[in-house]
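Here are some friendly notes to read alongside the model. Please keep the structure open as you go through the points.

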Amino acid sequence: MNFEEKVLSTEEIYDGAIINVERQTVELPDGQTSHREIVRHAKAVGILAINDQDEMILEKQWRAPVAKTVLEIPAGKVDERDEADLKHAVYRELNEEIRLVPDHVEKLCGFYSSVGFSDEFMELYLASGLKPVDDELPRDKGEFLELSTVSLETALAMIKTGEIEDAKTITAILYWQMLKQK
């Protein structure tokens, strides 16, 4: 069966600093029409940052869409400063958010964060050999973070108890677990 939908028209709903929203009219595989609301988002990077004690670094920050603080891995969108070099985005985000620079950066995987309504694609990286930065980059305006470190065992338990609910962070933890089983 052919699942592909044919886009008949696109209407821009919102053009913002972080996201754009469009409404599409599509022809379905059976010939009927329907509508799709799509959030367009820049590429992003997430970083599984592992310190010399074999602990991951987590950030606690307020997230307005869910109206609570959330534990997350360092992450951010790729922008013009990165000149299409996603590893540059990794180094930049680690500097801005956790004030560390890695000796080693390795791409682990890539994934869509929520394919039901958004085209955001995130690449997950492993960063290790972390050292303090020489020159701190400014944090994003309005970004307030509290850092902590946890072992793999603790991180897995935090998923079970619901302390960690963020999809990119859960993906990073499960990937870390998979790396340890090799």
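1. Helix α1 (residues 86-98) has these buried residues: Leu86, Ala89, Val90, Arg92, Glu93, Leu94, Asn95, Glu96, Glu97 and Ile98. Buried here means under 20% relative accessible area, with exposed over 50% and partly exposed in between (1.4 Å probe, protein chains only). Ten of the 13 residues are buried, and α1 is mostly covered.

2. This is a predicted model, where local features need pLDDT of at least 70, side-chain atom pairs count only at pLDDT 80 or more, and totals for chains, interfaces and linings use all residues. Residues are numbered from 1 along each chain as its sequence is written, and side-chain values use heavy atoms, leaving out hydrogens and water.

3. Ala127 lies in strand β10 (residues 121-128). Is Ala127 buried or exposed? Its relative accessibility is 0%, so Ala127 counts as buried. Leaving aside residues up to four places away in sequence, Ala127 touches Ile47, Leu48, Ala49, Ile50, Leu94, Pro102 and His104; contact means heavy atoms within 4.5 Å. One of these α1 residues, Leu94, is itself buried. Pro102 is 25 residues from Ala127 in sequence, yet their C-alpha atoms are 5.7 Å apart.

4. Now for a helix pair. Helix α2 (residues 152-161) and helix α3 (residues 167-180) pack with axes 10 Å apart, at an angle of about 140 degrees. That makes α2 oblique to α3, as angles under 35 degrees count as roughly parallel, over 145 as roughly antiparallel, 65 to 115 as roughly perpendicular and the rest as oblique.

5. On the α2 side, Leu152, Ala155, Leu156 and Ile159 meet Ile170, Ile173, Leu174, Trp176, Gln177 and Lys180 of α3.

Note on methods
Axes fitted to C-alpha atoms, helices over the stretch in contact; angles between N-to-C directions. Helix = DSSP H or I, 4+ residues; strand = E, 2+ residues; numbered from the N terminus. Expected span 1.5 Å × (residues − 1).
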